[in-house]
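Please look over the sequence and the model shown here before reading on.

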Amino acid sequence: MTLLRDIYCLYLQYRSTRRRTYKHLFLLPVLFVIFSCAGNKKTGIDYQAVIMSERPKNIILLIGDGMGLSQVTAHMYWQGVGKTVFEKFPVVGFHKSYSCDDLVTDSAAGATAFSCGKKTTNGAIGVLPPNDEPCTTILEDLDRKGYATGMVVACTATHATPAAFIAHRELRAFTEEIAMDYLKTDLDCFIGGGEALFNERPDRLNLEDSLRQRGYVLRRGTTFRKLPLDGSAPFIQFTHDREPPTASGGRDYMPGATELACNFLQKRSKEGFFLMVEGSQIDWAGHANDRNWLRAEMVDFDKTVTRALEFAASNGETLVIVTGDHECGGLALVKNSSRKQFNPSFSTHLHTATMIPVYAYGPKQELFNGVYENTSLYDKMREALGMSVTQ
Ligand code: MG
Ligand code: ZN
């Protein structure tokens, strides 16, 4: 009865609005043509049309250090609405970024939450309270299971975010010790800065020799020709002695390095691969309250994420997850006098506690919907791969 009544009500509504609406109906085909043309023009790849495997074989985790929702939003208004890679993702969630001992996390605890699935104290790299017990990271776990693993970063190898995936130290400041931890895991490729921590050490150890003894091909610079791209040997490419320059200061290797790492890792193992990519300097621009630096870093990270998405769309078996570890700078988008533009306004030189967006594309993308702890990213990655989730 209810259904019949509803249908009758709809019919009455239709009758009452028919006279007012019918004369606009002829516009529908016109609008359809306009919108479908606009849709085709916007993207080269129809990401939603890609046929996906049931589970991901590969995971690419891209971390914009210090990238909160306001950084993504500022980037969108700077680039133009509809023109950023973030708007292409079918699934968006939010994570709660606080650490074990602080509402405002640092990058060490933030990255350890992703890598180990546990909240730790600020400054800790891959170790947990109360006794700084090392935790196995998802990268180490997958390496042992036969996956190829890699990292591509816009900072040094020993900086907090990459360190938290491969090292276990009480404090992020122990960079010489963190460098030594690169000898403990069979990372298949690393591209980023920080060669000096390996070959100009106070203890006079030459870790590059040790890496070569472990079978690594060592490279230097930001061109990628002549690499062992057949996957026959693992490689480390130090782009710079210390921290790489800013994106506006000439650093442009991140998108190419990410694409290369995907292709290399794919050849390196039949099991699949795990690649962590970090847009490291979004955070540094926030600390410096430097809008131009931030703008350039976001453009570079957008291009980098785009390469990862294109790789994923080309095979349908790669899960791409993009997030930040925390917000930095307390960025607000304050309206300026022109009404259609904004003045980015920083409220602090430190990190803040705001929730952080998570973007997902690929098999099991739906797991990343919702609001959850930063540690859940670890669980969700494991669940996506069909691994046990014990919390
Ligand atoms: Mg970082
Ligand atoms: Zn920071």
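## Helix 13

In helix 13, the buried residues are Ser376, Leu377, Tyr378, Asp379, Lys380, Met381, Arg382, Ala384 and Leu385. Because nine of the 10 residues of this helix, which covers residues 376-385, are buried, helix 13 is largely enclosed by the rest of the structure. Glycine 386 follows helix 13 and has a positive phi, near 80 degrees.

## The chain as a whole

The model is predicted. Its protein chain contains 13 helices and 16 strands. The chain has 391 residues, of which 53% count as buried.

Contacts in the protein chain can also be described by separation along the sequence. Among contacts with a separation of 6 or more, 72% are between residues 24 or more positions apart.

## The zinc site

Which residues coordinate the zinc ion (ligand 2)? The ion is coordinated by Asp283, which is listed with two OD donors, by His287 through NE2 and by His351 through NE2, at 2.0 to 2.5 Å. Along the chain, these donors follow the spacing D-x3-H-x63-H. The site links distant parts of the chain: aspartate 283 lies in helix 11 (residues 281-287) and histidine 351 in strand 14 (residues 351-352), 68 residues apart.

For comparison, the ideal angle for four tetrahedral donors at a metal is 109.5 degrees.

Are aspartate 283 and histidine 351 buried or exposed? Aspartate 283 counts as buried because its relative accessibility is 5%. Histidine 351 is also buried, with a relative accessible area of 14%. The cut-off that applies to both is a relative accessible area under 20%.

## Packing of helix 10 and helix 12

Two packed helices are described by the angle between their axes and the distance between the axes. Helix 10 (residues 254-268) and helix 12 (residues 291-315) pack at an angle of about 25 degrees, and their axes are 8 Å apart. Angles under 35 degrees count as roughly parallel, and helix 10 and helix 12 are therefore roughly parallel to each other. Their crossing is right-handed.

On the side of helix 10, the contact is made by Met254, Pro255, Gly256, Thr258, Glu259, Cys262, Asn263 and Gln266. Helix 12 contributes Asp300, Lys303, Thr304, Arg307, Phe311 and Asn315.

Key
Residues are numbered from 1 along each chain as its sequence is written. Chains are lettered from A and ligands numbered from 1 in the order in which they are written. This is a predicted model: local features need pLDDT of at least 70, side-chain atom pairs count only at pLDDT 80 or more; totals for chains, interfaces and linings use all residues. Side-chain values use heavy atoms; hydrogens and water are left out. Donors are N, O and S atoms within 2.8 Å of the metal (3.2 Å for Na, K and Ca); water is not among the atoms, so sites may look incomplete. Helices (H or I, at least four residues) and strands (E, at least two) are DSSP runs, numbered from the N terminus. Buried means under 20% relative accessible area, exposed over 50%, partly exposed in between (1.4 Å probe, protein chains only). Axes are lines fitted to C-alpha atoms, for helices over the stretch in contact, and angles run from 0 to 180 degrees between N-to-C directions. Angles under 35 degrees count as roughly parallel, over 145 as roughly antiparallel, 65 to 115 as roughly perpendicular and the rest as oblique. A crossing is left-handed if the near helix is turned anticlockwise from the far one by less than a right angle, and right-handed if clockwise. Contact means heavy atoms within 4.5 Å.
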